[in-house]
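I opened the notebook to look up a few side chains and where they sit. The entries below are in the order I made them.

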Amino acid sequence: MQLPKRLNKICVIFLLRKLLLNISKKFYSTSGVLGFLLILLCATTGFSQSRLDSLKTSFEAETNDSLKVVYGIQMLREFHREKHTEEEEYDLARTLIQKALNTGDSLLYARTLDNLGLLYRYHQRYDESLSLHTKAFDLVKDMEVDPVFKMIFANNAGVAGRYNQKYDTAVSYYMKALKIAEKENDLKNIAIAGNGIGNTLGNIPGRQDEALSYFERSLEAEKERGNSLGVAMNYLSISDYYIDKEEYKTARKYLDELLRINRERNDDYGLAITYEFYGKSYLEEGKDLNRAASYFEDALSRFEKLGDAHQQAQILGSLGDVRFRQDRFIAAKDYYERSLDLAKDLNQHGLIMQNSYQLSNILERQRDPSAALQYLKQGKAYEDSIKLTEQNVEIAALIRKYDIEKKEDHIQLLEKDKALQQTLLDNQQQKLERRQILMLLLATGLLFILVIFLLQYRNIKMRKKINARILVEEKEKMKAIYERNLARAEILVTRLRVNPHFIFNSLNAITYLIQSNQNVKAMKYLVVFSRYTRMVLETSQKHVVPLSEELKLTQYYLTLEKNRFEKDFTFEIKGEDAPEVEKILIPPLLLQPLIENAIWHGLLPSKRETKTLRLEVIPEGEIVKIIIDDNGVGRSGTEKRSSEKDHKSMGMQIIKERIELFNKSYPGHINCELIDKKDEQGQPEGTRIIFTLEQNTLAQNPVEFLS
């Protein structure tokens, strides 16, 4: 059901169009006025109708044949979306063709032919679809009509020709559409025709290399008109082109761009298709079949959530191909059987045939000739049924084509009689219009008053909604700014609390080294101290920093603390040279408070002879782990004053809140886990802190997040 406002708008538009048509044609009748008043009543009481019901009502009530056909085309498309009953759709489409023939309007007739062609194409009856689209274009190609109709008919003919593997015909009509689109500077149809030519040439042996230039022309047009969906479709076509050329790395570069766009669009279907083509590239390449399987499984799970059974069946077959090439026949057999079950439910004869042949092949390898023969027979039966169905479709198409041409000839014979009758009708109309003009003017005035009232009412309600939405957005914006400023304030408060105490201790250590004539050591200590201080100041204006900077700052801090306490503890940092640390973004000074707690409350109170603090960065596939590990007294063994407990609790709470704010504000996800280590007797052995960063935290361009 549509919203009441939309139904109201449909009724008003219908009234205006009908009124203008009557004025332009000077066609007024008593029954027409009554119909007008009934429709006016619909504008105030018919808000509960669905769009399909509204169009059906308009179609049945319309007495003008041309408008009736226009409403019928709209009703048919809405019927296809809502109910999708194949035979009823065909019956209505053929009825509209007959009515369009009766009007003698060539453009309207062409539109009804194109409309039936779209239905045939949707149901994969491409040969019939192609003949209707080409006929629609040929009817209007030399007429003075809106060029958009010529482009639509030519592009539709190109699509049907490409699906029907009549590539020369497809290229011919795509070129016609492209020529008109470039003359009209119609970027949308330039993009459609360019992409269609590229996909068609990609199927013609020896002409695949020409396809790329057309894909790039289409991509340029889509970028110019700002159509992200069109850009994504061209990236998919270009990646498929490079897969066919066996240039898999180049193909995956375009798939990377496609993945970025679909993530920005939050397009679940687009993401599923992208992962499917990633899998296809690795399957065709044959070097990393496990990765191919991983991408296919990701795509499969997404299509399952979307409820797209056709795509699920196709991908299950692809997974079967992966396992078959790995000689994992049991797994391959399972995938083929699942794909076969879905294909049978969907009545996809081609996929049933493929899966049956593959299962026969596997069972033959497993030395089960009886079962292999059954699947072979099943595949052959469906292959024969496909051929028989194609023959029946071709025969039916020829019969329908003959019927239409016969009706066209009959209509031409009746044109002269129709012209004479039309002259008589025109004379009657002139008499009727004099008596109807007063009622028309009154109805027109009433209509305009009603329209003005409805528009004012709509504007008032819309203004209220807009104001409410603006208020909500302003509140959300202020909340986000407040939380961001609060996080920065917490960082500054932590820095103001930690730095004075740490700075004075560091300066005292430097003074002691100088007084004890350890000048070389004092100079090294001072260099590290100055670098540490400078890095702390530089991070004050940043919301996030690369992990490499955070690790460097942590190393300076540990070096300073190690020099102060000499042999009280040792430290070790591993994995800081891993390539991933340059791309990972985390909140600044996230690690230092935990390092400080480990030293002051874990290691220094410990009575162990060897006190060790270890920091390690471990990339693990799609995630990266940061581990802080000490062998101190642990949290349960630390004796503190109540104020210190409150301080530690508050510090951990601030860290958790900063992580939560980061997870809401930036791509990716950070998780922090604290583990109390214990020996076999249950005694504390220290503390381990594990940060887990998901792959989305790896920014392709980290600089854009640092300001």
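**Aromatic pairs**

I counted 14 aromatic pairs, where rings of Phe, Tyr and Trp (its six-membered ring) pair if their centres lie within 6.5 Å, with planes under 30 degrees apart called stacked, over 60 edge-to-face and the rest tilted. Tyrosine 90 and tyrosine 120 have ring centres 5.1 Å apart and planes at 40°, so I noted the pair as tilted. Tyrosine 90 is in helix H5 (residues 86-103) and tyrosine 120 in helix H6 (residues 106-122), 30 residues apart. Helices here are DSSP runs of H or I, at least four residues, numbered from the N terminus. I found both tyrosine 90 and tyrosine 120 buried, that is, under 20% relative accessible area with a 1.4 Å probe, protein chains only; exposed is over 50% and partly exposed lies in between.

The model is predicted: local features need pLDDT of at least 70, side-chain atom pairs pLDDT 80 or more, while totals for chains, interfaces and linings use all residues. Residues are numbered from 1 along each chain as its sequence is written, and side-chain values use heavy atoms, without hydrogens and water.

**Second pair**

I then looked up tyrosine 235 and tyrosine 254, whose ring centres are 5.9 Å apart with planes at 45°, so this pair is tilted. Tyrosine 235 is in helix H12 (residues 228-244) and tyrosine 254 in helix H13 (residues 248-265). Tyrosine 235 is buried at 7% relative accessibility, whereas tyrosine 254 is partly exposed at 22%.

**Glutamate 222**

I placed glutamate 222 in helix H11 (residues 208-224). Its 7% relative accessibility is why I wrote it down as buried.

Notes: Helices (H or I, at least four residues) and strands (E, at least two) are DSSP runs, numbered from the N terminus.
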